[in-house]
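Q: Hi, I've just opened this one and I'm new to it. Could you walk me through it?

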Amino acid sequence: DEYGDAKLECEEALATAYNLGGVPYTILRVADPVGPGENSLRYWLLHLWTRAHVALTMPLHLHENMTHTEMSLTFTHDIAFAVHRVVEKAMNVTCCPGDVRGEAFNVAAEETPTQRDLYNTVAEAAGVPYIETVVHNSSKAVKLYPDSTRGALVVAKAYRHLSLRPTTLTKALRITARFYERVMITDKFAQQTEVALRKLGKILDEGPRFVEWLRKFYAEKKKTELYDEFDDEDDPEGSDWHIKLPRKRSKKKSEL
């Protein structure tokens, strides 16, 4: 596609400049991102649609040309880990700057779900016992995922050179679902919540009925499941992701 072609041209320009003595670079290629606070709204919209679709008889859409297409997803915390590892190697903290200079790495979960597989995992993360789907053609299907239809990313190179061990998709979506459930019953992201609800109301058939159901559902949930603050350090799953950037070891006087 045009967007992908433009990104490839950027990579080629960087490689050309580097080979002519330009500054070192490292490229991290990410797939469709998911994670707490990821700002495309796509996962948030899918989470809410999954939450309400059975009660409202509004099945999730499967694109007729993509029912068997595998996709890649990238957890935002894994992007942070990959950046951390690139910085470590580039600064020669853990050796081997040559492993990352002038290199490109794919960063994504190892699982490569189809649309139906993804919906099932999203539903499991949200505590929805089952999903209902309907196949539509391209003119009618609401397609939130995948953004790219060129297939899944291979992460073997990042696994080998960055020691990347991607978060399982099940865990990544569970953490993400917990975040958005908290968002819906607190006031901290009230403005963003309204934006998400308005967007859903526009893209789905019977949007106003959908939004009304969500408002009532989360108003009831708010009465019994309150979160006072958003603090990752209080999150037993989110707490795994605090990363300290490396510092070069200072030389002792005897080494000078």
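**His136 and its surroundings**

A: Happy to! Leaving out neighbours within four places in sequence, His136 is in contact with His61, Leu62, His63, Glu64 and Ala141. Contact here means heavy atoms within 4.5 Å. This is a predicted model, where local features need pLDDT of at least 70 and side-chain atom pairs count only at pLDDT 80 or more, while totals for chains, interfaces and linings use all residues. Residues are numbered from 1 along each chain as its sequence is written, and side-chain values use heavy atoms, with hydrogens and water left out.

Q: Thanks! Where is His136 found?

A: His136 is in strand β6, residues 133-136. Helices (H or I, at least four residues) and strands (E, at least two) are DSSP runs, numbered from the N terminus.

Q: And is His136 buried or exposed?

A: His136 is buried, because its relative accessible area is 15% and buried means under 20%, exposed over 50%, and partly exposed in between (1.4 Å probe, protein chains only).

Q: Let me zoom out. How many helices and strands does the chain have?

A: The chain has eight helices and six strands. Starting at the N terminus, their order is α-β-β-α-β-β-α-β-α-β-α-α-α-α.

Q: What share of the chain is buried?

A: Of the 256 residues in the chain, 40% are buried. The accessible surface comes to about 14500 Å², and carbon and sulfur atoms hold 51% of that. Accessible areas come from the Shrake-Rupley method with a 1.4 Å probe, and for residues only the protein chains shown count as cover.

Q: What about contacts between residues 24 or more positions apart?

A: Among the chain's contacts with a separation of 6 or more, 84% are between residues 24 or more positions apart.

Q: New topic: how many disulfides are there?

A: A search of the whole structure finds one. A disulfide is a pair of cysteine sulfur atoms within 2.5 Å. Here the link joins Cys95 to Cys96, with an S to S distance of 2.2 Å.

Q: Which hand does the link of Cys95 and Cys96 have?

A: The link is left-handed, with -75° about the S-S bond. Cys95 is partly exposed at 34% relative accessibility, and Cys96 is partly exposed too, at 31%.

Q: What else does the loop between α3 and β5 hold?

A: Asn92 is in the loop between α3 (76-90) and β5 (103-107). Asn92 also has a positive phi, about 60°, without being a glycine. Its relative accessible area is 46%, so Asn92 counts as partly exposed. Most residues other than glycine have a negative phi, and most peptide bonds are trans.

Q: Speaking of peptide bonds, where is the cis peptide bond?

A: A cis peptide bond joins Tyr145 and Pro146, with omega about -5°. Pro146 is in the loop between β6 and α5 (156-161).

Q: And what does Gly102 touch?

A: Not counting residues up to four places away in sequence, Gly102 touches Tyr18 and Tyr25. Gly102 is in the loop between α3 and β5. The C-alpha atoms of Gly102 and Glu11 are separated by 9.7 Å, and these residues are 91 residues apart along the chain.

Q: Which element gives the most to the lining of the largest pocket?

A: That is α1, with six residues.
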